[in-house]
Amino acid sequence: MNIKTRALKKSLWVYHLSTGSCNNCDIEILDCLSPRFDIERFGMVLVGSPKHADVLLITGIVTKKNLERVKEVYHETPKPCFVVAVGTCACSGNMFRSGYNMAGPLKNVIPVDVFIPGCPPGPAAIISAVVKLLNKLK
Amino acid sequence: MKKIIVPLGPDHPLFEEPEFFILHCDGENVVDVEWQAGYNHRGIEKISETKHWDQVTFLVERICGICSNSHPVAYANAVENLLGIDIPERAKYIRTIISEMERLHSHLLWAGLAGHFLGYNTVFMWVWKYREPLLDMMEMLTGNRNNYSMIKIGGVRRDINDEQIKALRKTLDTLKTQNEMLTKVVLDDPVLQARLVNVGVLTKKDIKDYGAVGPVARASGVDIDVRRDNPYAAYSFIDWKVITRENGDVFDKAVVRLLECFESIKIIQQCLDRIENKKGEILNEVKEIPPGEGIGRHEALRGEVFHYVRSDGTSSPIRHKIRAPSYVNVPTFKKSCIGQTISDVAIILAGVDPCYCCTERVSVYDANTRKKKNVTWTEIVRKSQEKTKKLKKS
């Protein structure tokens, strides 16, 4: 394990990007911060810029107008970083797959490390996914 | 005059769609606002034309995660209007219960986020803690924390049994006391009054000019509410009142939303009284949809949702038009933001109703020197929070 991954697993900073979601996954991500789930006990904090982030939580299908922005945000994130596709929309496109404004599922745009299916996945599912990610690093 | 342009967006957290606002500023004051949309366009109306009538309820549910009961209700109203049928009484009450629970959770969510934007993170944590039992109840009644899938054309998908009613009553009682406490704390706070009173004022005329709806209109003294004006579900059988305020500032919008929570609790309790210890049909089976057209309205959390469907007798709609409340509420920023400072913009934008869906980036650049400086949404929120701190000290 090199120094970068060792430092990474201590405290993951999370940047959250919506690329065409319905808000549900976004609320559930925010719910992780609320007192019941309290994701900060794992050292995770939501940050305001991809430049500070270790993990990108991406929700929603990638719409055509957002395509370039997703690539740019991924480009701005310091590597190594993780990309987590939250919700069925980000994983596979859900029922919007046949829509004319869909630019493809997230995995075709940027490399994805973790998929969390569910519409929307509950906060418990999101936390468990990130913990699995941490365990994979060890 | 040196003009500074502050783009807010495109992935803006305040609405169901990411939107792009460009603020033209003179120093700290906002002199003009521009709006661009389309970042979250998923082509739902077109996809709807390829789905079966029953599948469309699931599709419209995913227009907005927070209004995930409002759109199906409006759609079901539209199709039932087309068919000319009525739904069973028990289904009407269940629809009302779910709609009002959704209103409760959304208004609480709004109160929490408004607290966060103003630098009162305690309010955010409290409110989101109070909201959790409500989501548990939703999970118990419908099977999911969000995206409830309760509505079906001709009725509802699931029944509510007496045990669930008991649990729901208990949760509502606790929520009522918590909400009373919250309302007093929030509304009596002198700092919050200083931050919110006379900020982002919309007059009655502005509301009429822009056609704004929902709590935004009601806070300015425009007394409109689809639930009363054009009753559907069980609203006409129940005793409740529409909350209105006169000033139209952000404070009044907060008051309207907090007081509506009490009304929602009242409505749910009455509905529970009517369906407790009774049995009844919950679904009026619909076999096929004849050619024709129908409209459906629903008072969603942010205002009136409107759905129009047209059928040619096949298994899917040939036209489905949707108008969501934010579409008319958003342009009111042209009135409410102009003349205010940048630090107040966060809460004015939030005043219409935020769906905090992503952390925002903003870039500020000087139009004259073309110097570019990146500012994050967090920084705007921080500015707003600093202003509160200053007020607290003085």
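Me: What does contact mean here, and how many residues of chain B are in contact with chain A?
Reply: Contact means heavy atoms within 4.5 Å. In this predicted model, 46 residues of chain B are in contact with 40 residues of chain A. Residues are numbered from 1 along each chain as its sequence is written, and chains are lettered from A in the order in which they are written. The model being predicted, local features need pLDDT of at least 70 and side-chain atom pairs count only at pLDDT 80 or more, while totals for chains, interfaces and linings use all residues; side-chain values use heavy atoms, with hydrogens and water left out.

Me: How much area do chain B and chain A bury between them?
Reply: Buried area is the accessible area (1.4 Å probe) that two parts lose on being put together, summed over both. For chain B and chain A that is about 3600 Å², with 54% of it on carbon and sulfur atoms.

Me: How many salt bridges are there between chain B and chain A?
Reply: A salt bridge is a side-chain nitrogen of Lys or Arg within 4 Å of a carboxyl oxygen of Asp or Glu. The count between these chains is five. One of them pairs Arg36(A) with Asp136(B), their closest N and O atoms being 2.9 Å apart.

Me: Which element gives the largest share of the side of chain B that touches chain A?
Reply: Helices are DSSP runs (H or I, at least four residues), numbered from the N terminus. The largest share comes from α5(B), with nine residues.

Me: Is Gly112(B) buried or exposed?
Reply: Buried means under 20% relative accessible area, exposed over 50%, partly exposed in between (1.4 Å probe, protein chains only). Gly112(B) has 0% relative accessibility, so Gly112(B) counts as buried. Its place is in helix α4 of chain B. Leaving aside neighbours within four places in sequence, Gly112(B) is in contact with Val123(B), Phe124(B), Val127(B) and Trp128(B).

Me: Into which domains is chain B divided?
Reply: Domain bounds come from an automatic or database domain assignment. Chain B has domain 1 (4–40 + 337–393) and domain 2 (44–327).

Me: How many residues of domain 1 of chain B are in contact with domain 2 of chain B?
Reply: 25 residues of domain 1 are in contact with 28 residues of domain 2. The two domains bury about 2300 Å² between them, 64% of it on carbon and sulfur atoms.

Me: What is the count of salt bridges between domain 1 of chain B and domain 2 of chain B?
Reply: The count is one. The side chains of Asp344(B) and Arg195(B) meet in a salt bridge, 2.9 Å from N to O.

Conventions. Helix = DSSP H or I, 4+ residues; strand = E, 2+ residues; numbered from the N terminus.
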